Each structure stands twice: as structure tokens, then as C-alpha cells.
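Student: Could you zoom in on one spot for me and go through it slowly, pocket included?

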Amino acid sequence: MEIGISTFVETTPDVHTGKVISHAERLREVVEEIILADQVGLDVFGVGEHHRKDYAASSPAVLLAAAAPQTKRIRLTSAVSVLSSDDPVRVFQDFAMLDGISNGRAEIMAGRGSFIESFPLFGYDLNDYHELFEEKLELLLKIRESEKVTWNGKHRPALNNLGVYPRPVQEPLPVWIGSGGTPQSVARAGQLGLPLVLAIIGGRPLQFAPLVQLYKRSAAQSGHDISKLAVASHSHGFIAESNEVACEKFFPPTQQAMNVLGRERGWGYYDRAAFDAARSFEGALYVGDPDTVAQKIIHLRKNVGITRFMLHVPVGTMPHEDVMKAIELLGTKVAPLVREEIAKWEADEEIK
């Protein structure tokens, strides 16, 4: 069971002061957060790609590379790379370089992107949203498989026996598929034999169990060894010394951020009742003291089949010291509880 952190490097106004942190300062903070995550024994750190004022990381590989020489063990991934509006050659090259700098710890999490600002920015038509992703994923995987590439598609100039360099330390360079939970994207990840990341940020996490089963069935039907395939969860949350403190600190910025996005996307108003429902044992928010969060992660592993859990923190803007404390507690308190319980459970399952 792998446990880690994901972030979108948000620079939204502080809900208490109205102050907006600069992109530069938030980027430097995240480097410190990655270093701490490595020091406290977490397995993975993910950075999301965005191209708007309230998010600072347009290139996850650059930010991850800044932390790579200062870390030793933690895996470094995008969360996600918006492959549909990017060039697969450059994505591969950037993460191959990150892989070299980190000595084999880079991963690509490829997704369509739930934010659409990159499409007009780079000259793509949203009507091609799905076609762009499928074509560019095909090219990315082809580059991963072979040093010299011959390829022809609709949305990018053809390649005729051209080399793509540098090559990564890892062979192959890990490519995960990020999914919001549509059956089509889950099944496709299974057919390709690629590890899957589910954005479990609403509703009941146990509702994702059928999707994990669909993923495994699709993989098995395509001839892949499902015992070697990983399934991750990207889930919002926050950890503090007590449930009360965690809620007091996490609710205001989360409410602000969710309602900004809600106005853009037509969601209902996010209030304290919605927050409290989501942080219940069967809800999708992992907020509370270490034992509360650990028990929810264990529940997710046993009942949904998640093998990697990524706590997305913060949602909105929070004080850097609070985020650092949450990362410390995840690594030193939550992760040991989860790993010990899951190791026992998996051993019992094997006996059965």
C-alpha cells in the first residue's frame, strides 16, 4: 500500500485575510513540502498541471525536478499532465529528464484534464477533446516503447524513424491513466494494461468498487496480469492532531475553493452540511486526526481495491505550516497504521 500527497499548487485568496500568495512563493513552498514528504517516508508526490491565475504549476516536471536532487526515495509524478493539449514528445522528454535527475523516480500521470484553459492557450479545439487524448496517448506509449519512432496522426505532424531523447532510467517509464471515473476511461486503461488513478472527490468511495472491477476485467480480457496493476485514489483531505482542529482549519478554504469552481461548473452551494457528510466514514473527504484518516484509508483499500492513496492537500489556500504538519502526520502517524493493518489483512487474504 503506497501513500503520498498530491497538490495543484493553488494561489487562491486566503479566506481569512484576502491575501494572495505569489506564484513564486507557493512554488518554493511546494518544493519544501516534497522534501518533507520524502523525509517522513511517504511513497509518492504528485503535482497537477494548470494554466490559470489561481494555480502556479504549468509544468509539473519543472517543479518536481527542483525537488528531485533534495530527495532520496519518494516517487515524483504529474497529477495530471494534460496530455490532450500537450506534445507527447515533450512530455516524454521532460519526464525522462526528471527520471535521470531523480535516478529512476519519475512517473507520468496522463489525463484529459478537468480544466479546459489549456486548449485555447495551445490552439486546440474542445470538440476534439476525446480524440486528442486517445491519439496523443498512443504516441506517448509508442515513444516509451521505442527509441526510434515512426508514427502518423491527425493532430500532430508525423514522425518518420526519429529518435526521442533522452531515454529514462526506468524501462519502461511509468505511465498512469488519470480518470474522473467514467467506465470508458477505466476500461481503456485496463485494455492498455496501464495503472489507474481515480479522482475520488465526491459521493461514496465504495461506489468506485465496480469501476475497479471493470478495470481488472478489461485488463484480464486483454491478456494483462492484473496482479501487477496498481489502482490509486486521489482524494481531498487534511490531518491535524484532532478531528476538531482538522475541520476548523480545512473547511473554510475548502468551501471557498469548491464554491469558486462550483460557480464555474454549475455545482450546488458547498456548505458545512455537505462538508460534514463528506468527512463521515463513508464519505470522500479524508479529514481528521491520524487514526480517523488511517481507518478510512484502510476501509478504501479493503473494499475498493486501492493500492496507492494520494491525499490532496490543500484545497484552496492554507498556511504553509499547516500543510507541512499534515504531511508530517500522514508520513509518521497515518502511513504506519495503514501499512501494518493492510499487511496483516493481505496475509490473511492469501491464506484464505
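Tutor: Contact here means heavy atoms within 4.5 Å. This is a predicted model, where local features need pLDDT of at least 70 and side-chain atom pairs count only at 80 or more, while totals for chains, interfaces and linings use all residues. Residues are numbered from 1 along each chain as its sequence is written, and side-chain values use heavy atoms, without hydrogens or water.

Let's go to α6, residues 183–192. Its partner is α7, residues 209–221, and the two helices (DSSP runs of H or I, at least four residues) pack at about 35° with their axes 7 Å apart. Axes are fitted to C-alpha atoms over the stretch in contact, with angles from 0 to 180 degrees between N-to-C directions.

Who touches whom? From α6 come Pro183, Val186, Ala187, Ala189, Gly190 and Gln191, and from α7 Leu211, Leu214, Tyr215, Ser218 and Ala219. That contact counts eight nonpolar residues, three polar and no charged (Asp, Glu, Lys and Arg count as charged; Ala, Val, Leu, Ile, Met, Phe, Trp, Tyr, Cys and Pro as nonpolar; the others, Gly among them, as polar).

Now the largest pocket: α6 is one of the elements giving two or more residues to its lining, and so are the strands (E runs, at least two residues) β8 (175–179) and β9 (196–199). α8 supplies the largest share, four residues. By class, the lining has 17 nonpolar, 18 polar and seven charged residues.
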